[in-house]
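Please look at the structure first.

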Amino acid sequence: MAHYLVIVESPAKVKTIKKFLGSSYTVAASNGHVRDLPKSQLGIGPENDYEPKYITIRGKGDILANLRKEAKKADKVFLATDPDREGEAISWHLAAALKLDNKKMRRITFNEITKNATKASLKAPREIDMNLVDAQQARRALDRMVGYRISPLLWAKVKRGLSAGRVQSVALRIIADREAEIDAFIPEEYWSLDVVLKVQGEKRPLTAKFYGTGKKKMNISSKEELDQILKALESAEYKITDIKKGERVRKAPLPFTTSTLQQEASKALNFGTQKTMRIAQQLYEGIDIKGNGTVGVITYLRTDSTRISEEADAAAREYIDQTYGSEYVAADSTAKKTDKKIQDAHEAIRPSDVTRTPAALKESLTRDQFRLYQLIWKRFVASRMQPARYETTSVKIGAAEYVFTVSTSKVAFEGFRTVYTEADEEKEASNVLVGGLHKDSVLTKESFEEKQHFTQPPAHYTEATLVKALEEQGIGRPSTYAPTISTILARRYITKEGKNLYMTELGEVVNHIMIQSFPSIVDVHFTANMEGLLDMVEEGKVPWKEVIRNFYPDLDEAVKIAEKELESVEIADEVTDVICEECGRNMVIKYGPHGKFLACPGFPECRNTKPYLEKIGVKCPKCGSDIVIRKTKKGRKYYGCENNPECDFMSWQKPSQEKCPDCGGYMVEKGNKLVCADEKCGYVKNIKKEK
């Protein structure tokens with residue numbers, strides 16, 4: 001009787017797949033990659049026409065020995081690693097490491113770990129797709145070249161243990177650019193004006209918002225402008241000038257891609273990208289369901305496609321028809337039109353069986369698994385449903401030369417919202433009185449509600465919005481978002497406070513060096529173009545070594561120039577006037593994981609260290625002591641009084657010696673301007689910064 005070996009990546013899949021196949025199949029795991037470039041050297045360079053030097057990964061010897069033994073016994077070996085570039089490359093490396101005969105070895109892929117999908121893949125085996133392998137080899141080579149050539153320069157200039165990366169350095173720059181935008185932002189004053197009206201015959205008042213004149217919308221930018229409007233409205237009559245009724249349609253959402261799942265899980269469940277991917281991996285690889293054994297409950301989780309298979313689409317429509325009624329079933333399948341290259345061999349992330357409802361699985365899942373599965377299930381079902389429809393009413397109210405507006409919308413048909421609403425969906429305007437208004441309604445002014453506001457700076461990036469920015473700008477791929485963010489957090493280049501991401505002092509130093517010495521590496525467009533080239537390799541349009549041959553010489557030249565610049569700079573510790581109380585030496589400034597600190601130069605005999613408080617040459621506006629640069633526990637920089645905690649002065653922006661000429665308060669630097677720290681004062685002065 002014939003015997004077959006199926007090799008998967010993860011041990012978690014072994015149990016699931018074994019259950020689907022008969023006794024003539026052995027299922028074993030490679031535990032991810034088995035070969036890689038050596039850690040001790042670059043492993044790929046021009047001296048050998050960029051031929052990669054692959055070696056067995058340390059610790060994988062026993063796994064490979066066991067797989068060789070099983071492969072010898074098998075009549076056929078099926079390589080069933082993940083259905084993407086990385087998975088294809090792992091299969092290729094396995095074939096080489098196990099010295100598998102082409103006739104004996106076949107590649108199979110499945111988008112979901114279910115009995116039907118597994119058995120169907122065995123009926124449609126294929127050869128290894130070398131275009132996919134070459135795209136992965138090109139990516140690995142590019143990442144290795146950037147990391148291994150640039151990181152040593154960071155060690156020399158800043159400290160050991162730092163790293164540069166082709167995608168991580170661009171992600172760091174994106175965050176740095178946003179921080180600079182926020183720091184330079186100057187709030188602008190504006191006012192809102194509402195009028196509270198009594199409607200004849202109604203007990204409840206009606207609140208209308210100021211719109212402008214009859215011809216155009218107006219922004220109220222000062223108290224003076226507001227007062228002029230209020231003066232004109234003193235004896236004005238309020239009359240309804242226009243009532244418009246209409247319908248608004250809200251389309252059903254698309255099913256999840258890796259990026260949109262990470263974003264929505266962050267907003268709805270407060271999950272970090274790494275946590276989302278970890279739990280999704282568990283749901284994909286297999287959950288022990290009571291009465292069914294181990295089964296994968298969602299499809300493959302690394303995808304940027306919104307496509308759904310015909311079978312899954314039909315099953316979802318049938319489920320919606322039976323559960324909610326035929327009027328809820330979408331007229332046609334929702335598809336995303338895009339000119340961007342997507343991995344369309346994949347489907348969107350969806351439940352492997354739509355009839356397996358979250359409620360049915362609740363007892364078999366952990367709390368976090370249940371919450372993520374429920375999100376995926378609801379989004380998928382909603383994507384096959386009719387749009388939500390709203391009846392809208394918009395009313396214009398004239399007073400003197402000005403117009404106020406009030407509007408409402410009422411759900412006419414819930415559609416997909418019966419199942420799913422997005423975490424940041426705006427609440428519908430509801431004003432029950434509007435429906436009963438007509439042009440002859442008598443309105444009497446009761447009061448005005450006026451409020452001062454200030455424009456807000458752009459929001460700090462969160463993990464979710466950074467993923468969105470990386471995707472929109474074509475940087476990285478679904479599998480890279482979570483590891484990229486995790487790396488720059490682990491290196492302490494950025495810190496996370498609540499959901500927000502902030503640059504640390506260390507991150508600022510590294511970003512500055514990268515922009516100065518390697519501008520193309522941290523250029524968003526350059527990196528996005530490189531992703532496009534990798535896609536062309538995957539399509540078989542560009543040889544992978546051609547990409548490397550064009551990239552490496554420019555990188556090599558940039559590194560050599562940076563090294564020469566380094567030679568002219570003496571990398572010495574900066575000596576301070578702070579005396580070490582243990583041995584009497586002058587302490588020096590060093591860089592650690594959290595930024596600068598003071599250390600005794602007598603190390604290792606003297607191990608004394610202390611925090612470094614860098615003075616900025618400005619006196620504290622509260623107590624007159626020196627202002628120093630401080631850091632939060634997570635490494636975010638701010639300016640505080642050296643007498644803390646006795647004096648609680650702090651500022652996120654750098655204070656200036658100059659006093660505000662209007663109110664006498666202290667001013668802060670924002671980009672190339674000095675701004676009064678008191679928003680209500682609003683004084684702004686241009687300054688010339690030294691380059």
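Strand β8 (residues 206-213) pairs with strand β13 (residues 402-413) in the antiparallel sense, over four bridges. Two strands count as paired if DSSP finds at least two bridges between them. Phe210 has Phe404 of β13 as its bridge partner. Helices (H or I, at least four residues) and strands (E, at least two) are DSSP runs, numbered from the N terminus.

This is a predicted model: local features need pLDDT of at least 70, side-chain atom pairs count only at pLDDT 80 or more, and totals for chains, interfaces and linings use all residues. Residues are numbered from 1 along each chain as its sequence is written, and side-chain values use heavy atoms, with hydrogens and water left out.

The open sheet has six strands, ordered β9-β12-β13-β8-β7-β14, with antiparallel pairing. Its edge strands, β9 and β14, each pair on one side only.

| Edge strand | Residues |
|---|---|
| β9 | 239-250 |
| β14 | 443-454 |

On average, neighbouring strands of this sheet are turned by 30° against each other, direction ignored. Helix α7 (residues 223-232) packs on the sheet and touches β7, β8, β13 and β14. Contact means heavy atoms within 4.5 Å. The direction of α7 makes about 25° with that of β7.

Elsewhere, helix α5 (residues 130-157) packs against helix α16 (residues 524-538) at about 150°, with axes 7 Å apart. Axes are lines fitted to C-alpha atoms, for helices over the stretch in contact; angles run from 0 to 180 degrees between N-to-C directions. The two helices α5 and α16 are therefore roughly antiparallel (over 145 degrees). Residues in the contact include Leu132 and Arg139 of α5 and Met530 and Leu534 of α16. The contact residues divide into seven nonpolar, one polar and four charged. Ala, Val, Leu, Ile, Met, Phe, Trp, Tyr, Cys and Pro count as nonpolar, Asp, Glu, Lys and Arg as charged, and the others, Gly among them, as polar.

Definitions and conventions: Angles under 35 degrees count as roughly parallel, over 145 as roughly antiparallel, 65 to 115 as roughly perpendicular and the rest as oblique.
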